Amino acid sequence: NSSNGTNTTASLSVLMYGNSYTSANSLHTLVEDVVDSAGINGTVDANSGGGMDLGDHRQNIATSGNQWNTSLRGSDWDYVVLQDQSQIPSLPTNDTNWQASKSGAVDISTEVEAEGSETVLFMTWGRRSGETGPQWHQYNINQNFTIMQQRLESGYINYHDNMTAAGNTVWMAPVGLAFAHIHDHVM
């Protein structure tokens with residue numbers, strides 16, 4: 001409410017970049033509904049594609065005319081949420097895929113900051129049984145949920161540290177940690 005007697009409603013605008021974890025169940029719509037139910041005028045949009053990693057998002061954002069590029073620059077977002085491919089943050093930090101996602105995260109957060117917004121990392125969750133069978137990444141490191149979740153958490157924290165070292169404001173949405181709590185106490 002403003003001091004001149006007119007009612008004003010708080011607003012929140014969020015843009016999400018992700019993959020199937022973001023697009024499944026129309027996560028952006030669910031988030032907007034939660035924001036709206038809290039009495040805040042929410043605007044939440046998403047750009048996602050199956051299997052996309054942060055390097056892919058960075059490439060799309062850097063491509064003039066691409067939907068990723070125009071959506072970032074086409075609105076006044078409060079927050080831009082970044083969600084990486086489900087396994088990459090858990091990989092060794094010297095892996096080329098991990099390096100590409102880390103560099104993508106830093107570059108995107110710099111672009112987000114230049115647009116006057118702040119970045120939120122959407123920490124994903126481990127797979128219930130870890131990774132079973134041969135994996136595309138050729139590492140045998142995520143043998144169970146607990147190990148995979150610990151590696152994902154470490155990877156996202158490392159992304160965060162690199163992004164903030166570049167001078168950017170970055171928040172963490174620890175979705176994976178909430179899932180770990182459910183896994184450890186309910187399942």
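Being three residues apart in helix 6, Tyr-156 and Tyr-159 are separated by about one helical turn. Helices (H or I, at least four residues) and strands (E, at least two) are DSSP runs, numbered from the N terminus. The model is predicted, so local features need pLDDT of at least 70 and side-chain atom pairs count only at pLDDT 80 or more, whereas totals for chains, interfaces and linings use all residues. Residues are numbered from 1 along each chain as its sequence is written, and side-chain values use heavy atoms, with hydrogens and water left out.

**Aromatic pairs**

- Rings of Phe, Tyr and Trp (its six-membered ring) pair if their centres lie within 6.5 Å; planes under 30 degrees apart count as stacked, over 60 as edge-to-face and the rest as tilted.
- By this rule there are four aromatic pairs.
- Tyr-21 and Trp-125 form a stacked pair, because their ring centres are 4.6 Å apart and their planes lie at 15°.
- This pair ties together parts that are 104 residues apart in sequence, since Tyr-21 lies in helix 1 (residues 20-23) and Trp-125 in the loop between strand 4 (118-122) and helix 6 (145-165).
- The pair of Tyr-156 and Tyr-159 is edge-to-face, with centres 5.6 Å apart and planes at 70°.
- Tyr-21, Phe-122 and Trp-125 are linked into a cluster by ring pairs.

**Accessibility**

- Both Tyr-156 and Tyr-159 are buried (under 20% relative accessible area; exposed is over 50%, partly exposed in between, with a 1.4 Å probe and protein chains only).
- Trp-125 is partly exposed, at 23% relative accessibility.

**Strands**

- Strand 4 and strand 5 (residues 170-173) pair in the parallel sense over four bridges; pairing requires at least two DSSP bridges between two strands.
- Thr-119 has Val-170 in strand 5 as its bridge partner.
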